[in-house]
Amino acid sequence: MAQLLIVSIVIGSITPTTKTFDYLMTFVMPLSYFCICFMLGFLDRGQFGTPAFSVNDGFETAFQSFFVIRYCVMAVVTFLASFKPIRITRLIKVGSKNK
């Protein structure tokens with residue numbers, strides 16, 4: 001969970017948008033994690049040791065309660081980290097102008 005939060009903070013901080021918040025990254029970060037969780041369930045080994053390739057298992061894995069909580073936390077953290085006055089890209093631009 002800590003790694004997901006760190007990645008969300010970094011991605012939200014380096015977004016190049018000119019808007020106050022980056023809504024695209026707020027949507028993309030949890031969506032990418034959802035896709036990873038879906039693939040974990042989809043490619044899970046079945047009873048006989050071979051991949052089951054089950055879409056149902058993929059959705060069951062991706063919609064487990066602790067994953068849904070992580071999606072929500074990632075969205076909130078990315079949204080807050082993309083706030084324009086605290087973005088790293090803005091601070092770097094301001095710092096380079098002062099030199």
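Me: Why is F38 called buried?

Reply: This is a predicted model, and the values are computed from it. F38 has a relative accessible area of 17%. Buried means under 20%, so F38 is buried.

Me: What makes the pair of F38 and F42 stacked?

Reply: Two values decide. The ring centres lie 5.9 Å apart, and a pair needs centres within 6.5 Å. The planes meet at 15 degrees, and under 30 degrees counts as stacked. So the pair is stacked.

Me: Where do F38 and F42 lie?

Reply: Both are in helix 2, 4 residues apart. That is about one turn of the helix. An α-helix has 3.6 residues a turn, so residues three or four places apart point the same way.

Me: How many aromatic pairs are there by this rule?

Reply: The count is 13 aromatic pairs. One of them joins F34 and Y71.

Me: Why is the pair of F34 and Y71 called edge-to-face?

Reply: The centres of the two rings are 5.9 Å apart, which is within the 6.5 Å limit. Their planes stand at 70 degrees. Over 60 degrees is edge-to-face, so that is the label for F34 and Y71.

Me: What does the pair of F34 and Y71 tie together?

Reply: F34 belongs to helix 2 and Y71 to helix 4, so the pair ties together parts 37 residues apart in sequence. F34 and Y71 are both buried.

Me: Which residues do ring pairs link into a cluster?

Reply: The cluster holds Y33, F34, F38, F42, F53, F59, F63, F66, F67 and Y71.

Me: How do you know that the span of helix 4 agrees with its number of residues?

Reply: Helix 4 has 17 residues. At 1.5 Å a residue, the span should be 24 Å. The end C-alpha atoms of helix 4 are 24 Å apart, so the two agree.

Me: Which residues of helix 4 are buried, and what do they pack against?

Reply: F67, Y71, M74, A75, V77, T78 and A81 are buried. The buried residues of helix 4 pack against helix 1, helix 2 and helix 3.

Me: How do helix 1 and helix 4 pack?

Reply: Their axes are 7 Å apart, at an angle of about 35 degrees. The crossing is right-handed. Helix 1 contributes L4, L5, S8, I9, G12 and S13 to the contact. Helix 4 contributes R70, V73, M74, V77, T78 and A81. By class, that gives 7 nonpolar, 4 polar and 1 charged residues.

Me: Why does V77 count as buried?

Reply: V77 has 19% relative accessibility. The cut-off is under 20%, so V77 counts as buried.

Me: Which residues does V77 touch, not counting those up to four places away in sequence?

Reply: V77 touches L5, S8 and I9. The C-alpha atoms of V77 and G12 are 7.9 Å apart, although 65 residues separate them along the chain.

Me: What makes T61 buried?

Reply: T61, in helix 3, has 18% relative accessibility. Under 20% is buried, so T61 qualifies. Leaving out residues up to four places away in sequence, T61 touches C37, G41 and F67.

Me: How many helices and strands does the protein have?

Reply: There are 5 helices and 0 strands. The pattern along the sequence is α-α-α-α-α. Of the 99 residues, 29% are buried.

Technical notes. Residues numbered from 1 in each chain as written. Predicted model: local features only at pLDDT ≥ 70, side-chain atom pairs only at ≥ 80, totals over all residues. Heavy atoms only, no water. Axes fitted to C-alpha atoms, helices over the stretch in contact; angles between N-to-C directions. Helix = DSSP H or I, 4+ residues; strand = E, 2+ residues; numbered from the N terminus. Left-handed = near helix turned anticlockwise from the far one by under 90°. Contact = heavy atoms within 4.5 Å. Nonpolar A, V, L, I, M, F, W, Y, C, P; charged D, E, K, R; others polar. Expected span 1.5 Å × (residues − 1). Buried < 20%, exposed > 50% of the residue type's maximum accessible area, 1.4 Å probe, protein only. Phe/Tyr/Trp six-rings, centres within 6.5 Å; stacked < 30°, edge-to-face > 60°.
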